[in-house]
Amino acid sequence: MKKLLLAAAAVAALAAPQAAVAGCAEFQITGTDLSLSYDPFSASPVERSFTLRIRRVDSMATAVRFLLADTDSPAGAPRIGTGPAGYDIRWNRDTSRQVFVGGAVQPNATNGALVHFGEGPSGDVVTETMRFSLPAGQDAAAGDYYEALEARFVCYSGDQMLGSPDFQQGAGLAVDLNVPERISTYVGAAGVRRGEIAFGPLDSIGGVASRSLVVTTQSTVPYDIGVAAKWGRLQRRDGDSYGLNYAMRLSGVPVQAGSALSCTRTPAPSGRAHPFQVDLAQDQAARVPAGGYTDVVTLTFTPRAGLSSPDGCSGRL
């Protein structure tokens, strides 16, 4: 007996951030550097270098020390909106120095990136290369996630602080992340779409024989599993008036050809295992001619609109 799996996916669009201005300096992430796509089931983390543009607003400023902050993650791992957690930002010039914080941490002599402006109008703009990272395997449903960062900074004129500590918020300092809609399935190993359940020789005086395999699903969206069968029983060929009846269970739920399961999205990174079990009463062998009997069962995985918490599956008509 064979198992065939189908999957469907769609990709959502990304939006570009805009700039905002504050205090003695202005900060902006250039272009769409932090408009990103993330697959919770990929083994690869997201690593992206981006350019931070810093413009002098007060002509007296000769340098500025700044931090980037996630203001709505005061404790625990920083999270992009309600989406993936655990991201980080580093300064390429000194990756050991803390330039990304949560909570109420302010720039001081032991943290932050210190950059200097040049002389005259040509020195009003400096750029720094930063690096964004998001670990693989962070749980998230399909959708767009947005996190506005805050630049906290202190400007200096020579060795003296210029004014008071300041901050800037706005769309120009934002992470815009898309988790695409996707479903992937496999039997036994990634990339395998078919599996065989073999009963072998039947004993006509034996009891019920049970065989099974496991179908693994990784999905960022809720989905339905449709069940279909070529004949609905084990037969030797088309047109046979006899055959061997069997019963199926999918994820512990009794199913038959034409029925379906409705499932919430799967947790990342492992996905969800769907045990597929077939039960066959062996005493049927005494009532049919000898030979090889088969059937083909097809499971079709289809995205479904609905709740996306990773809870499990239920049967439906």
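The following conversation works through a predicted model, asking how its features come by their names.

User: What makes Phe27 and Phe153 an aromatic pair, and why is the pair called tilted?

Analyst: Their rings lie 5.0 Å apart, centre to centre, and rings pair if their centres lie within 6.5 Å, so the two count as a pair. The planes stand at 45 degrees to each other, and because planes under 30 degrees apart count as stacked and over 60 as edge-to-face, this pair falls into the remaining class, tilted. The structure holds five aromatic pairs, and Phe27, Phe66 and Phe153 form one aromatic cluster.

User: Which parts of the chain does the pair of Phe27 and Phe153 tie together?

Analyst: Phe27 belongs to strand E2 (residues 25–29) and Phe153 to strand E10 (residues 143–157), so the pair links parts that are 126 residues apart in sequence.

User: How do you know whether Phe27 and Phe153 are buried or exposed?

Analyst: Buried means a relative accessible area under 20%. Phe27 has 0% and Phe153 has 1%, so by that cut-off both count as buried.

User: Which residues touch the most other members of the largest nonpolar core?

Analyst: They are Phe27, Ile54, Phe66 and Phe132, in a core of 40 residues. The elements that give two or more residues to this core are E2, strand E4 (46–56), strand E5 (63–70), strand E6 (88–91), strand E8 (113–116), strand E9 (125–134), E10 and strand E11 (160–179). Apart from this core lies another, of 27 residues, among them Ile197, Tyr223, Leu244 and Val255. As a general background, nonpolar side chains tend to be buried together in soluble globular proteins.

User: What is Ile54 in contact with, leaving aside its neighbours within four places in sequence?

Analyst: The contacts of Ile54 include Ala25, Phe27, Val64, Phe66, Val115 and Val126, and also Asp124 and Glu128.

User: Why is Arg65 called buried?

Analyst: Arg65, which has its place in strand E5, has a relative accessibility of 12%, and because the cut-off for buried is under 20%, Arg65 counts as buried. Not counting residues up to four places away in sequence, Arg65 touches several residues, including Arg97, Pro107, Arg152, Phe153 and Tyr156.

User: Why is E12 described as largely enclosed by the rest of the structure?

Analyst: Five of the five residues of E12 are buried, so the strand is largely enclosed. Both of its faces are covered, with Ile183, Thr185 and Val187 buried on one side and Ser184 and Tyr186 on the other.

User: Why does Gln218 count as buried, whereas Asp238 counts as exposed?

Analyst: Gln218, in strand E13, has a relative accessibility of 13%, and because buried means under 20%, Gln218 counts as buried. Its side chain reaches the backbone oxygen of Pro269 at 3.2 Å. Asp238 is found in the loop between strand E14 (223–229) and strand E15 (246–250), and because its 57% relative accessibility is set against a cut-off of over 50%, Asp238 counts as exposed. The side chains of Asp238 and Trp231 are joined by a polar contact of 2.7 Å.

Conventions:
Residues numbered from 1 in each chain as written. Predicted model: local features only at pLDDT ≥ 70, side-chain atom pairs only at ≥ 80, totals over all residues. Heavy atoms only, no water. Phe/Tyr/Trp six-rings, centres within 6.5 Å; stacked < 30°, edge-to-face > 60°. Helix = DSSP H or I, 4+ residues; strand = E, 2+ residues; numbered from the N terminus. Buried < 20%, exposed > 50% of the residue type's maximum accessible area, 1.4 Å probe, protein only. Core = buried A, V, L, I, M, F, W, Y, C linked by side-chain atoms within 4.5 Å. Contact = heavy atoms within 4.5 Å. Polar contact = N/O pair within 3.5 Å; in protein donor to acceptor, adjacent residues only side chain to side chain.
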